[in-house]
Amino acid sequence: MNRHRPTSPHLQIYRLPLVALISISHRITGVILVAGAIALVGWLAAIASGAEIYACARAFLGSLVGRLLLFAFTFSFFFHFANGIRHLFWDTGAGFALDSARKSGIAVIAFAVVMTVLAWILGYAMR
């Protein structure tokens, strides 16, 4: 084997572009949304099962782990929603230029962060 052959860039050297990271994140948030939908069905089943089981579900969702999962679900919802709208624009042929795709990716992230924080602030304000 020739030891002087150049090697291809490894993940430690190569940095994925923002558009690729957002594409991967879109798929991951879709999986999180499915898990959240299953959790929502479980929560509704706990309500229907009686006060004792609902108290257990409420205690879990009120714990630090439960709140982190709810926060992740909320962020995933807004990220997936905004990126879905971005994909609708792409379906029309708009926004494919690299600069435009990067800017719309930043807008998707900003929208998801702002709406997640706003939703949680409003949620706690209505308690």
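Helices (H or I, at least four residues) are DSSP runs, numbered from the N terminus. This is a predicted model, in which local features need pLDDT of at least 70, side-chain atom pairs count only at pLDDT 80 or more, and totals for chains, interfaces and linings use all residues. Residues are numbered from 1 along each chain as its sequence is written, and side-chain values use heavy atoms, without hydrogens and water.

View 1. Leucine 16 sits in the segment before helix 1 (18-49). Its relative accessible area is 35%, so leucine 16 is partly exposed (buried is under 20%, exposed over 50%, partly exposed in between; 1.4 Å probe, protein chains only). Tyr14, Leu16, Leu21, Ile24, Ile28 and Ile32 make a nonpolar patch of about 500 Å². Patch residues have over 30% relative accessible area and no salt bridge, with nonpolar side chains (Val, Leu, Ile, Met, Phe, Trp, Tyr) joined within 5 Å. Areas come from the Shrake-Rupley method with a 1.4 Å probe.

View 2. The whole structure holds one salt bridge (a side-chain nitrogen of Lys or Arg within 4 Å of a carboxyl oxygen of Asp or Glu). Lysine 103 and aspartate 99 form a salt bridge through their side chains, at 3.2 Å, N to O. Both residues belong to helix 4, four residues apart, about one turn of the helix. Lysine 103 counts as exposed because its relative accessibility is 52%. Aspartate 99, at 43% relative accessibility, counts as partly exposed.

Terms used: Patches are made of residues with over 30% relative accessible area and no salt bridge: like charges are joined within 9 Å, nonpolar side chains (Val, Leu, Ile, Met, Phe, Trp, Tyr) within 5 Å. Helices (H or I, at least four residues) and strands (E, at least two) are DSSP runs, numbered from the N terminus.
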